[in-house]
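Hi,

Here is the structure I said I would pass on. Have a look at it first, and my notes follow below.

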Amino acid sequence: GSDDIRARLMDAGAAARVVAAMEAHAERDASVAKQGCGAIRNLACGSDNRCARLMDAGAAARVVAAMEAHAERDAGVAQEGCGAIWYLACGSDDIRARLMDAGAAARVVAAMEAHAERD
């Protein structure tokens, strides 16, 4: 099933490759930021182990940097970035603390404020 595919992708080095692509391109290219955040979200889904491996690969820093660069102007980056943080945060208390230390909560709040419906 999907978990098996995610595990095989992780074993093939997907975390490191996605993080490297985001490090190289996501701060300048909103499309890479959006797709990279979406890939991290998908890989993190349903597994504390995968969340920990993504965090160890630098996923939190890359998602936060992508959101800082684009999420306030690009709703797609905001959505995928918030989703990546959500799924990563489903991991352990340690992961949640590391996300907070990386500035994830501030980026989520900024994205939500930027895209809130105004009356």
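For aromatic pairs, I took rings of Phe, Tyr and Trp (its six-membered ring) with centres within 6.5 Å, calling planes under 30 degrees apart stacked, over 60 edge-to-face and the rest tilted. Searching the whole structure turns up one such pair. The ring centres of Trp86 and Tyr87 are 5.5 Å apart and the planes sit at 25°, so this pair counts as stacked. Trp86 is exposed at 58% relative accessible area, while Tyr87 is partly exposed at 26% (buried is under 20%, exposed over 50%, partly exposed in between, with a 1.4 Å probe and protein chains only).

Before going on: this is a predicted model, with local features needing pLDDT of at least 70 and side-chain atom pairs 80 or more, though totals for chains, interfaces and linings use all residues. Numbering starts from 1 along each chain as its sequence is written, and side-chain values use heavy atoms, without hydrogens or water.

Beyond four places in sequence, Leu99 is in contact (heavy atoms within 4.5 Å) with Met55, Ala60, Ile85, Leu88, Ala89 and Ala104.

Cheers
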